[in-house]
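Here are my notes on this one, jotted down as I went through it. Have the structure open while you read.

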Amino acid sequence: MTYALYARKGWGSAITEAALTCAEVDFELLGARGDPSKGFPPLKEANPLGQWPTLLCADGTVMTETAAILFHLDDVAPKAGLVPPKRARERRAFLRWLQVIVGAIYPTFTYADYPGRYVSAKVAQKELVDNIAQRRKTIWIQIEGELQPSPWFLGARFSGLDIYAAVMTRWGPRRKWFAAHCPKLMSVAKQADAIPALVPIWKRNFGR
Ligand SMILES: N[C@@H](CCC(=O)N[C@@H](CS)C(=O)NCC(=O)O)C(=O)O
């Protein structure tokens with residue numbers, strides 16, 4: 001086994017599971033307890049933040065962060081097309097939107113999923129969660145305004161952004177909202193839903 005991925009159904013590890021699959025590398029899935037019999041520690045020993053995804057590489061290196069893992073897999077398997085090559089026209093758009101997704105959208109989940117980590121009063125927690133949900137929609141709508149999918153996020157070129165779209169449109173505010181407010185993003189997500197190698201990943205994580 002080359003990689004071992006701590007995975008939780010439907011969570012951020014689904015992004016990495018799909019990227020590992022596109023890269024056609026061997027990997028196995030681990031629960032939060034790891035697999036001590038094979039030398040895989042519990043998740044919190046590998047990543048004290050206890051976050052998914054956390055990836056163990058064959059040489060013992062621990063990787064976290066979906067974007068960092070995406071670039072690593074592109075180093076290992078450039079033919080998978082997860083990252084547009086340096087001279088590709090789409091590279092700048094890729095870098096920009098990847099950074100918006102992991103730097104602005106992803107933290108809205110990291111914070112709103114556990115508001116009690118940041119504010120103690122229930123009323124403050126509700127306000128935080130509500131405002132974050134609104135902010136998330138605003139960012140998605142900005143992305144929607146600049147997308148010209150044909151059929152992928154970057155146009156004619158598939159990339160890891162299509163994987164983020166497939167997974168994150170299944171998270172809040174969920175696909176019904178995306179279909180109504182971000183139809184271009186939804187069409188990208190549907191395109192990625194239909195990638196044959198990824199169909200079992202979506203099924204395992206989201207039931208369809
Ligand atoms: N910046 C990280 C964010 C990972 C993240 O927030 N994962 C969530 C699941 S979708 C998580 O594990 N949350 C549990 C926690 O923060 O305790 C990435 O891009 O991989």
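1. A word on terms before we start: helices here are DSSP runs of H or I, at least four residues long, and they are numbered from the N terminus. Leu20 is found in one of them, helix H1. Bear in mind throughout that this is a predicted model.

2. Layout. The protein splits into domain 1, residues 3-80, and domain 2, residues 91-206. Taken over C-alpha atoms, the centres of the two domains lie 20 Å apart. Domain 1 puts 22 residues into the contact, and domain 2 puts in 20.

3. How much area does the pair bury? Domain 1 and domain 2 bury about 1800 Å² between them, and 68% of that is on carbon and sulfur atoms. On the domain 1 side, the residues that lose the most area to domain 2 are Ile15, Leu70 and Phe71. Together these three make up 27% of what that side buries.

4. While we're on salt bridges, have a look at Glu17 and Arg204: their side chains meet in one, at 3.0 Å from N to O.

5. Which elements supply the domain 1 side? Two of them give two or more residues to the side that touches domain 2: helix H1 (13-22) and helix H3 (66-76). H1 gives the most, with seven residues. By type, the residues of that side divide into 14 nonpolar, five polar and three charged.

6. Leu20, back in helix H1. Is Leu20 buried or exposed? Its relative accessibility is 0%, so Leu20 counts as buried, the cut-off being under 20%. Leaving aside neighbours within four places in sequence, Leu20 is in contact with Tyr3, Leu5, Val25, Phe27, Leu55 and Leu73.

7. Gln125, in helix H5 (residues 122-146). Here the relative accessible area is 14%, and because that is under 20%, Gln125 is buried too. What does the side chain of Gln125 reach? It goes to the backbone oxygen of Val119, at 3.1 Å. Not counting residues up to four places away in sequence, Gln125 touches Pro115, Gly116, Val119 and Ser120.

Definitions and conventions. Residues are numbered from 1 along each chain as its sequence is written. This is a predicted model: local features need pLDDT of at least 70, side-chain atom pairs count only at pLDDT 80 or more; totals for chains, interfaces and linings use all residues. Side-chain values use heavy atoms; hydrogens and water are left out. Domain bounds come from an automatic or database domain assignment. Contact means heavy atoms within 4.5 Å. Buried area is the accessible area (1.4 Å probe) that two parts lose on being put together, summed over both. A salt bridge is a side-chain nitrogen of Lys or Arg within 4 Å of a carboxyl oxygen of Asp or Glu. Ala, Val, Leu, Ile, Met, Phe, Trp, Tyr, Cys and Pro count as nonpolar, Asp, Glu, Lys and Arg as charged, and the others, Gly among them, as polar. Buried means under 20% relative accessible area, exposed over 50%, partly exposed in between (1.4 Å probe, protein chains only). A polar contact is a pair of N or O atoms within 3.5 Å; within protein, one must be able to donate a hydrogen and the other to accept it, and residues adjacent in sequence count only if both atoms are side-chain atoms.
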